[in-house]
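This report walks through one protein model, from its overall layout to the contacts between its side chains. Please keep the sequence and the picture in view while reading.

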Amino acid sequence: MAHSDVYDPIHNELWALSVMASTLDNVRVRVSGLQPDVQQERPQGFERSLAHVIASLRRGEAELIEVFEKALKTDNPSINTIFNRYPKAFVLNPAEELGSFMDSRETSLGLLRSLTSAQWERKINDPERGLVSLSQLAVERANLDLEEMDYMAQLRQAILRLEPIQGNDAR
């Protein structure tokens with residue numbers, strides 16, 4: 001998302017908080033009933049597995065918390081706000097990644113919900129992008145969540161086409 005000083009009444013920090021909170025349930029739905037080994041699968045046409053997406057979300061969440069905390073504690077902070085979205089290709093423990101993401105997201109939501117209007121508008125200086133507000137970062141994170149949830153939904157459908165659910169368990 002490009003930097004803009006124009007206020008968008010729809011894509012603001014409240015919208016971002018709503019999307020980020022709903023991501024917790026969306027991730028749970030997308031992995032529900034899928035065993036850890038199935039979460040590692042990448043059907044043809046998919047670059048990442050469900051476990052890989054969750055690991056990416058977890059890493060991005062940790063970076064988001066770090067950026068917000070530094071921005072709130074430092075005057076005129078200079079911070080790279082382009083997060084590394086794609087960690088290693090294989091995840092050792094998908095359940096641990098999921099739990100870690102859920103915990104990190106709850107932490108970041110708590111932090112973001114506590115911000116004042118002035119703090120939301122606080123700017124940081126990204127060496128590559130220039131001035132970016134905390135509100136803009138939250139909106140960018142929410143947009144990334146929406147992209148990832150769409151990817152995960154498509155990936156889940158592809159996995160289920162490969163192996164139909166038998167009984168109460170998906171493979």
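## Terms and layout

Helices (H or I, at least four residues) and strands (E, at least two) are DSSP runs, and they are numbered from the N terminus. This is a predicted model, in which local features need pLDDT of at least 70 and side-chain atom pairs count only at pLDDT 80 or more, while totals for chains, interfaces and linings use all residues. Residues are numbered from 1 along each chain as its sequence is written, and side-chain values use heavy atoms, with hydrogens and water left out.

The protein chain has 6 helices and 2 strands, and from the N terminus on these elements follow the order α-α-α-α-α-β-β-α. Of its 171 residues, 46% count as buried, where buried means under 20% relative accessible area, exposed means over 50%, and partly exposed lies in between (1.4 Å probe, protein chains only). If a contact is taken as heavy atoms within 4.5 Å, then residues 24 or more positions apart account for 79% of the contacts in the protein chain with a separation of 6 or more.

## The hairpin

Strand 1 (residues 123–126) pairs with strand 2 (residues 130–133) in the antiparallel sense over 4 bridges; two strands are said to pair if DSSP finds at least two bridges between them. The two strands form a hairpin with 3 residues between them, and within this pairing Asn 125 stands opposite Leu 131 in strand 2.

## The nonpolar core

In soluble globular proteins, nonpolar side chains tend to be buried together. A nonpolar core is here a set of buried Ala, Val, Leu, Ile, Met, Phe, Trp, Tyr and Cys residues joined through side-chain atoms within 4.5 Å. The largest such core has 42 residues, and those with the most contacts inside it are Val 27, Phe 68, Ile 124 and Met 152. Helix 1 (13–31), helix 3 (50–73), helix 4 (94–113) and helix 6 (134–162) each supply at least two residues of this core, and the largest share, 12 residues, comes from helix 6.

What is Ile 124 in contact with, leaving aside its neighbours within four places in sequence? Its partners include Val 67, Ala 71, Pro 77 and Ile 79, and also Gly 130, Leu 131 and Val 132.

## Salt bridges

Side chains of opposite charge can pair when their charged atoms come close. A salt bridge is counted when a side-chain nitrogen of Lys or Arg lies within 4 Å of a carboxyl oxygen of Asp or Glu, and the structure holds 9 of them. One of these joins the side chains of Arg 28 and Asp 25 (2.8 Å, N to O). Because Arg 28 and Asp 25 are 3 residues apart in helix 1, they are separated by about one helical turn. Arg 28 is partly exposed, with a relative accessible area of 40%.

Another salt bridge joins the side chains of Arg 105 and Glu 61 (2.7 Å, N to O). This pair links distant parts of the chain, since Arg 105 lies in helix 4 and Glu 61 in helix 3, 44 residues apart. Arg 105 is buried, with a relative accessible area of 0%, and Glu 61 is buried with a relative accessible area of 0%. The side chains of Arg 141 and Asp 145 also meet in a salt bridge (3.6 Å, N to O); both lie in helix 6, 4 residues apart, about one turn of the helix, and both are buried. Glu 61, Arg 105, Arg 141 and Asp 145 are linked in a network of salt bridges.

## Aromatic rings

A pair of aromatic rings is described by the distance of the centres and the angle of the planes. Rings of Phe, Tyr and Trp (its six-membered ring) pair if their centres lie within 6.5 Å, and planes under 30 degrees apart count as stacked, over 60 as edge-to-face and the rest as tilted. The structure holds 2 aromatic pairs. Phe 46 and Tyr 151 form an edge-to-face pair, 5.7 Å centre to centre with 75 degrees between the planes. This pair links distant parts of the chain, with Phe 46 in the loop between helix 2 (36–39) and helix 3, and Tyr 151 in helix 6, 105 residues apart. Both Phe 46 and Tyr 151 are buried.

The rings of Phe 68 and Trp 120 have centres 6.3 Å apart and planes at 80 degrees, so this pair is edge-to-face. Phe 68 is buried, with a relative accessible area of 0%, and Trp 120 counts as buried at 5% relative accessibility.
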